[in-house]
Amino acid sequence: MSIKAKLFASLAVLSAVVCILVTAGYATLATVDAKISSIVADRVVPLSQLKLVADQYAVLIVDNAHKVRAGTFSFEEGAANMAAAEQLIAEQWAAYQATSLTPDEEILVAAANQVMAIAEPAMAQLRTILQTGNMSGLETFIADTLYPAIDPISTDVSLLVDLQVDVARAEYAGAQSLFGLMNIAMMVVTVIGATAIGLATLVIVRTVSGRLSGMEKALVAVAEGDYSVDIPSAGDRDEIGRIARAAETFRQNGLKVAAMTEAEAAQSLAV
């Protein structure tokens, strides 16, 4: 194989290694970024939405009813608070359901929708009580209906919150595992790259530099008139071998000239 072919082969291997490293690095970053984006978009944001839903039920419906009964809020304020809470619940619950849901989430969401539908008559009753300023009705509602209507919703929302945390942890663990595998793959490719660099260095040092150095010494000796030296690499079938054969021809011609000179000198002495 020619030196040119060897060097091209080494460079091709190095180029392939660089391309693999770049591709693997990009793929790793893209995958990890997708995992992080999924955790934020499908877990962190939904957690915020679910918290808002839970807070509206706990604060602006349950606590609001108690404060109206205690006189902290007027019936008008209580009705306004409940209307605002129901609007925010509807917005945030719809936004949450529009996110990417796992099969387990879909089951819990269906259950939550069911208990919300069951609680709707109670919510309508509380709405009417607040709008009409019915204190005795409010006291009876708080004692008998409020918690049986709201507690199942709070329980299902809490289950969804727990699921978000569990799925986020699983996705994070998956991202870590993938990152570890990519690190191993990149280490393997790096070792291959280091090997290719070593081979390229070996080609340059042994195939080119060392042989040219030996030929230089031989040519200097021939130039100084020492035609007895051997020209290295004269039998090789590459670019240096062709140069060496040309140098060998030069050495042979020098031997002939030296022999002719000695013959002429001997003839002159004989005359």
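Which side chains meet in a salt bridge at 2.8 Å, N to O?

**View 1. Lys51 and Asp55 form a salt bridge.** The side chains of Lys51 and Asp55 meet at 2.8 Å, N to O; a salt bridge is a side-chain nitrogen of Lys or Arg within 4 Å of a carboxyl oxygen of Asp or Glu. The two residues lie four apart in helix H1 (residues 3-70), and are therefore separated by about one helical turn. Helices are DSSP runs (H or I, at least four residues), numbered from the N terminus. This is a predicted model, in which local features need pLDDT of at least 70 and side-chain atom pairs count only at pLDDT 80 or more, while totals for chains, interfaces and linings use all residues. Residues are numbered from 1 along each chain as its sequence is written, and side-chain values use heavy atoms, without hydrogens and water.

**View 2. Helices H2 and H3 cross at roughly 165°.** The axes of H2 (residues 75-97) and H3 (residues 103-132) come within 12 Å; axes are lines fitted to C-alpha atoms, for helices over the stretch in contact, and angles run from 0 to 180 degrees between N-to-C directions. The crossing angle makes H2 roughly antiparallel to H3 (an angle over 145 degrees). Residues of H2 in the contact (heavy atoms within 4.5 Å) include Met82 and Trp93, and those of H3 include Met116 and Leu130.

**View 3. Glu86, Glu120 and Arg127 are linked in a network of salt bridges.** The closest N and O atoms of Arg127 and Glu120 are 3.2 Å apart. Arg127 is partly exposed at 26% relative accessibility (partly exposed lies between buried, under 20% relative accessible area, and exposed, over 50%, with a 1.4 Å probe and protein chains only).

Notes. Parallel < 35°, antiparallel > 145°, perpendicular 65-115°, else oblique.
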